[in-house]
Amino acid sequence: MADDLRIDSHKLIYHPERIAEWLQKGDVYPLTIEISPSGACNYRCVFCAFDYLNYVPELLERDLMIRLLDESHENGVKSVVVCGEGEPLINKHTPDIINYARGIGMDVGMASNGVLFTPEVAQYCLKSLTWIRISLNAGSDENHQKIHKSKRGDYAKILNNLRYAVEVKKRNGLTATIGVQLLLIPDNFHEAYSLAVQLKEIGVDYFTVKPYSQHPQSGSRIDEGFDYSAFLVMEEKLNQLSTADYSIIFRSASMKKLNQQRQYQHCWGLPFWAYIDAKANVYACISYVGDDRFCYGNLKENGFRELWQGEKRRMVIEHVARMDLDGCRELCRLDEINRYLQQIKYPSGHVNFI
């Protein structure tokens, strides 16, 4: 089934006015920001990209998040992703922040491990979410404990939370897209199909399967001999479960890109996105959280507009421009955007012959 949500692609094509501004000025305010309400996490997933940050229990304050949302929205930011280096729902203010963001006109997405997305939370804030994506990387309680380092019974809790969220959506005529993501690794590939079947029965909107890529700073390691080309046949089997109401998004395009040479030499996408960690630091790149060379500053000291227009950000952009991107993470958040902007920045010949 086609990836109508463009999860394995990008959505920058829907913002030609922002691209035109970037081409003209060389800089823009971001379209999306990602905030991390919590540095703490209730799991210790075997593939965790942020293990090197040690799950420090930092929590963003409610007032700071509200100021950030107000100021960023005033400067053209259209959406906020609530996710980050920890589990966002550990911060008790996260549901309020979701409702607030939608209330001022922003689109809101949240990624969560799902165990704290209880019926009460769903009832309170699902109405404000554009989408929620649950990271569920096993098809049984036993394997969930192994991969997520979770408590016994959490797998059933997550499925029940999803089931209730679907009921809330249907009962109230909500538009939130409810999805589940599985990171395909040696420990779970044998359960991908059974999980897809369970999720179809529950009634979620989509199930996506993505490849693993090594975070440059993470101590987590997945078997480097795991060859995704051997699992591309899984796509056809999974797609047989697709219906008009249940999409399978098997990220084969991303799997095929692994170990390929980058098609760009510059990270063009930085101006369109920003990351705010649980300590209120604003970063250019999610792969370098904790590295001051990529930090624009801290929101406890300066406002978002001041940081975005500040000298430190200019220095960060210059630093990234000098980087050899071969050392960056494969399949990073901005990879598809960078491929697209490379073509916009340096078009090939005959572009006027449509």
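Modeller: Let me begin with burial: a residue is called buried when its relative accessible area is under 20%, exposed when it is over 50%, and partly exposed in between, using a 1.4 Å probe and protein chains only. Helices (H or I, at least four residues) and strands (E, at least two) are DSSP runs, numbered from the N terminus. Strand S6 is mostly covered, since five of its six residues are buried.

Colleague: And what kind of model is it?

Modeller: It is a predicted model, in which local features need pLDDT of at least 70 and side-chain atom pairs count only at pLDDT 80 or more, while totals for chains, interfaces and linings use all residues. Residues are numbered from 1 along each chain as its sequence is written, and side-chain values use heavy atoms, with hydrogens and water left out.

Colleague: Which strands does S6 pair with?

Modeller: Two strands pair if DSSP finds at least two bridges between them. Six bridges join S5 to S6 (residues 206-211), and the two run parallel; Gly 179 stands opposite Tyr 206 in S6, and Leu 184 stands opposite Pro 211 in S6. S6 is also joined to S7 by four bridges, again in parallel, with Ile 249 in S7 as the bridge partner of Thr 208.

Colleague: How does the chain get from S5 to S6?

Modeller: S5, H7 and S6 make a right-handed β-α-β unit. Right-handed here says that, with the strands pointing away from the viewer, the path from the first strand over the helix to the second runs clockwise.

Colleague: What is the order of strands in the whole sheet?

Modeller: Ten strands form an open sheet in the order S7-S6-S5-S4-S3-S2-S1-S8-S9-S10, and the pairing is mixed. The edge strands are S7 (247-250) and S10 (295-298), each of which pairs on one side only. Neighbouring strands of this sheet are turned by 20 degrees against each other on average, direction ignored, where axes are lines fitted to C-alpha atoms (for helices over the stretch in contact) and angles run from 0 to 180 degrees between N-to-C directions.

Colleague: Why is S3 described as largely enclosed?

Modeller: Strand S3 (residues 107-112) is largely enclosed by the rest of the structure because five of its six residues are buried. Four bridges join S2 (residues 79-82) to S3 in parallel, and Val 81 stands opposite Gly 109 in S3. The chain crosses from S2 through helix H3 (residues 94-103) to S3, and this β-α-β crossover is right-handed. Four bridges also join S3 to S4 (residues 131-135), and these two run parallel, with Ile 134 in S4 as the bridge partner of Ser 112.

Colleague: Back to H3, then. Is Pro 95 buried or exposed?

Modeller: Pro 95 counts as buried because its relative accessibility is 11%, and its place is in helix H3. Contact means heavy atoms within 4.5 Å; leaving aside neighbours within four places in sequence, Pro 95 is in contact with Leu 89, Val 121, Tyr 124 and Cys 125. The C-alpha atoms of Pro 95 and Ala 122 are separated by 8.9 Å, although these residues are 27 apart along the chain.

Colleague: What covers the buried residues of H3?

Modeller: The cover includes strand S1 (32-35), helix H2 (62-74), S2, S3 and H4. Just after H3, Gly 105 takes a positive phi of about 100 degrees.

Colleague: New topic: how many residues does H6 have?

Modeller: Helix H6 (residues 154-172) has 19 residues and reaches 27 Å from its first C-alpha to its last, close to the 27 Å expected at 1.5 Å a residue, where the expected span is 1.5 Å times one less than the number of residues. H6 lies across S4 and S5, running at about 155 degrees to S5. Its buried residues pack against H4, S4, helix H5 (141-148), strand S5 (177-184) and helix H7 (192-202).

Colleague: Which residues touch the most other members of the largest nonpolar core?

Modeller: A nonpolar core is a set of buried Ala, Val, Leu, Ile, Met, Phe, Trp, Tyr and Cys residues joined through side-chain atoms within 4.5 Å. Of the 111 residues in the largest one, Phe 117, Leu 162 and Phe 207 touch the most other members, and H6 gives the most to this core, with seven residues. Not counting residues up to four places away in sequence, Phe 207 touches several residues, among them Val 180, Leu 195 and Tyr 246.
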